[in-house]
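Dear colleague,

I am handing over the structure we spoke about. Please look through it first; my notes on what was found follow below.

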Amino acid sequence: ILNINGFPVADVEDVEDQVKGKSKVTVTIQRNQEEKTVDVITASLPIAGTSQVVAFAGLSIQPIFPHVAFSSFMPEGAENGGVFIVRRMSGSPADQSRIPTNVWITHVNDNPVKDIDDFLEIVTNLENNSDTRIKIVTRQGVSRAYTLKTDFHYFGTQLLERKVGTTDWTNQSINNEV
């Protein structure tokens, strides 16, 4: 980014200053040694960060951040949403199945996952020790499917939610009754 509305941009703070309170800005960028000017519609995005995390089969899963979805960073195959795997616990069912981190889950047992609520609805109905098919999409847009066996005794499903306006979290067990 070279400038926004004619004002030079040197850092993130300059960008914030130029877009704050505006619904549309004109941005001059440089791509392939050429200057291009584009009109950009702005949007206010939440800055609170993670407010929900689901622990499932040794995976830490969170909703996709709005700025990721909004910025068109979603790889091919994950355009309709999904949830994001941020961590995998050693020795867990997910670890035994070699499910990677930093990927999108787009389907569970062939059911589409558009958001964290879809994911929770699907995994809440799973049986203990059941084979569960997880379809993921990598950042490069490569789709893969993995099968894991649920183990609710040691790796029950938990929903952690941050209370609005605080740093306090609640923890709800979903289906780890064995």
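**Strands S12 and S13**

Strand S12 and strand S13 (residues 169–173) are antiparallel and are joined by five bridges. Strands here are DSSP runs of E with at least two residues, helices are runs of H or I with at least four, and both are numbered from the N terminus. Two strands count as paired if DSSP finds at least two bridges between them.

This is a predicted model, in which local features need pLDDT of at least 70 and side-chain atom pairs count only at pLDDT 80 or more, while totals for chains, interfaces and linings use all residues. Residues are numbered from 1 along each chain as its sequence is written, and side-chain values use heavy atoms, with hydrogens and water left out.

**The four-strand sheet**

Four strands form an open sheet in the order S2-S1-S3-S4, with antiparallel pairing. Strands S2 (7–8) and S4 (34–41) are at the edges and have a single partner strand each, so one side of each has no neighbour in the sheet. Further in, two bridges pair strand S1 (residues 3–4) with strand S3 (residues 24–31) in the antiparallel sense. Asn3 faces Thr28 of S3 there.

**Salt bridges**

A salt bridge is counted when a side-chain nitrogen of Lys or Arg lies within 4 Å of a carboxyl oxygen of Asp or Glu. The count by this rule is four. One of them joins the side chains of Asp39 and Lys24, at 3.9 Å from N to O. Asp39 is in strand S4 and Lys24 in strand S3, 15 residues apart.

Another is formed by Asp131 and Lys149, at 3.2 Å from N to O. This pair links distant parts of the chain, with Asp131 in strand S10 (residues 131–137) and Lys149 in strand S11 (residues 143–149), 18 residues apart. For accessibility, buried means under 20% relative accessible area, exposed over 50%, and partly exposed in between (1.4 Å probe, protein chains only). Asp131 is exposed at 53%, and Lys149 is partly exposed at 43%.

Arg88 and Asp95 also form a salt bridge, with their closest N and O atoms 3.1 Å apart. Arg88 is partly exposed at 29%, whereas Asp95 is buried at 15%.

**Aromatic pairs**

Rings of Phe, Tyr and Trp (its six-membered ring) pair if their centres lie within 6.5 Å; planes under 30 degrees apart count as stacked, over 60 as edge-to-face and the rest as tilted. The search of the whole structure gives two such pairs. Phe56 and Phe119 are edge-to-face, 5.6 Å centre to centre with 85 degrees between the planes. Phe56 belongs to strand S5 and Phe119 to helix H4 (residues 116–124), and they are 63 residues apart. Both of these residues, Phe56 and Phe119, are buried.

The rings of Phe84 and Trp104 have centres 5.0 Å apart and planes at 70 degrees, so this pair is edge-to-face as well. Phe84 is in strand S7 (residues 83–88) and Trp104 in strand S8 (residues 103–108), so the pair ties together parts 20 residues apart in sequence. Phe84 is buried at 13% relative accessibility, and Trp104 is buried at 1%.

Regards
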